[in-house]
Amino acid sequence: VFYSLRTLTLAFLSFLLRRRESNTKMKLTRCGKITLGILIMVIATVIIGLIVYFVTYGKTPFYYHISFKVNNIDYNSEFEKSYSQEYMDINKKTQSLINETFHGSKLRKQYVRSHIVQVSKAKGKVVIHAVLKFISCFKNKAAKFQEMIKNILQQKLNGETGSLHVDSSSFKISDMEMPTAENLLNTCCGQRTITSYGYKITGGMDAKEGEWPWQASLQQNGVHRCGATLISNSWLVTAAHCFIKANDPKEWTVSFGLLLSDPQTQRSVKSIIIHEDYHYPAHDNDIAVVNLSSPVLYTNNIRRACLPEATYTFPPNSDVVITGWGTLATDGTNPNILQKGTVKIIDNNTCNREEVYSGVIKPGMLCAGFLEGRVDACQGDSGGPLVSADHRGTWFLAGIVSWGDKCALPNKPGVYTRVTYYRDWIKSKTGL
């Protein structure tokens, strides 16, 4: 379509120009020349508009849910964790198989991506559930398109297929609506579409769209007060001290997106659960969870961070990233665009040295920053995420912005609520 319209446009303009310079030596007034020029511009604009429309909007996305049993893989509970090695391995094998199937078929130009959304159990064996996305110009032939996909998959998913021995009689396919399908395509925790990250919050380093998709803004009566981290469609984790002066859910809303002034999605709050042993002004047990009034759907720019197991370790001196809309300096102004910063984990023994925090750092706290200062969370970043990537690029929530001595001072790194220490508490309140 694109090349046909482009050829038509060029041919038409060439025709008009030849007419203008033809041997008829047609006498045109100045007004006539202007009219002809305007006519050419209008027609060209219409045709270019059609080109843009067909290229951008002429293709319809189609989504499908498929499932099939794998006879040579025994089920175990590790498949329930989307960040486990077992889940990652079977996801990689299945995606490779599906990619290979469609890239070598007549639907290679229509196939976009696939993703495992669940691994269930049937007679002790693994059942794989995946979402597939295609783009096609033939919306009125959806049934025929689905039948083509089914036939291609059934030919491939038949018996021994590489390392997967598929039970072909178990294969099922059904179509899906876009919002549900996109939510499932983006359901994996700790994944993002942008991979770069920078070095400052205090001092300023703008984040990019979708770079930290689990970041949320907690707003009291429409004003940003704290950060929070999305850990499921319905739950966020944040700091207890955010609610010292106001813990009525009706006063709070949550927004998602890069800009405070232009949120992508907003939700009201159903409930706020503050740790039972948090007592201001002490810093112990500075953790709370927030239940949204209605679930958010995952997209490229809204995703959840992974919650680590209680036994997960974040080694001292490893890189971690803080994000938030807090002030760019002590008592400074709040930015509109999300800020990011890379810091280092500092072990508790170092952080408890006399010149640092002189013994007040408890096991449920985690220090991160630099002893020379420079980079730190600041006012308004409270409750926001401190995240760390594992060797596979999956991001885990290591800490929650809690407290510190002003912002980015020497020997005064940021202090965070240690998420692994409170992992069982989070599960007891959210079920996650």
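1. For the classification used below, Ala, Val, Leu, Ile, Met, Phe, Trp, Tyr, Cys and Pro count as nonpolar, Asp, Glu, Lys and Arg as charged, and the others, Gly among them, as polar. On this basis the lining of the largest cavity divides into six nonpolar, four polar and three charged residues.

2. This is a predicted model, in which local features need pLDDT of at least 70 and side-chain atom pairs count only at pLDDT 80 or more, while totals for chains, interfaces and linings use all residues. Residues are numbered from 1 along each chain as its sequence is written, and side-chain values use heavy atoms, with hydrogens and water left out.

3. A cavity is a set of points, on a 1 Å grid over the protein atoms alone, where a 1.4 Å probe fits but cannot get out; lining residues have an atom within 4 Å of a point. The volume of the largest cavity is about 90 Å³. Of its 13 lining residues, W212, P213, G257, L258 and N301 are the closest to the centre.

4. Four disulfides (pairs of cysteine sulfur atoms within 2.5 Å) are found in the whole structure. One joins C189 to C306, with an S to S distance of 1.9 Å.

5. C351 and C367 form a disulfide with sulfur atoms 2.0 Å apart. The torsion of -90° about the S-S bond makes the link of C351 and C367 left-handed.

6. C188 is in no disulfide, and the nearest cysteine sulfur, that of C189, is 6.3 Å away. C188 counts as buried at 10% relative accessibility.

Notes: 1 Å grid on protein atoms, 1.4 Å probe; cavity = no way out; pocket = protein on both sides within 12 Å on 5 of 7 lines; lining within 4 Å. Points joined across faces, edges and corners; volume = space filled by probe spheres on them. Buried < 20%, exposed > 50% of the residue type's maximum accessible area, 1.4 Å probe, protein only.
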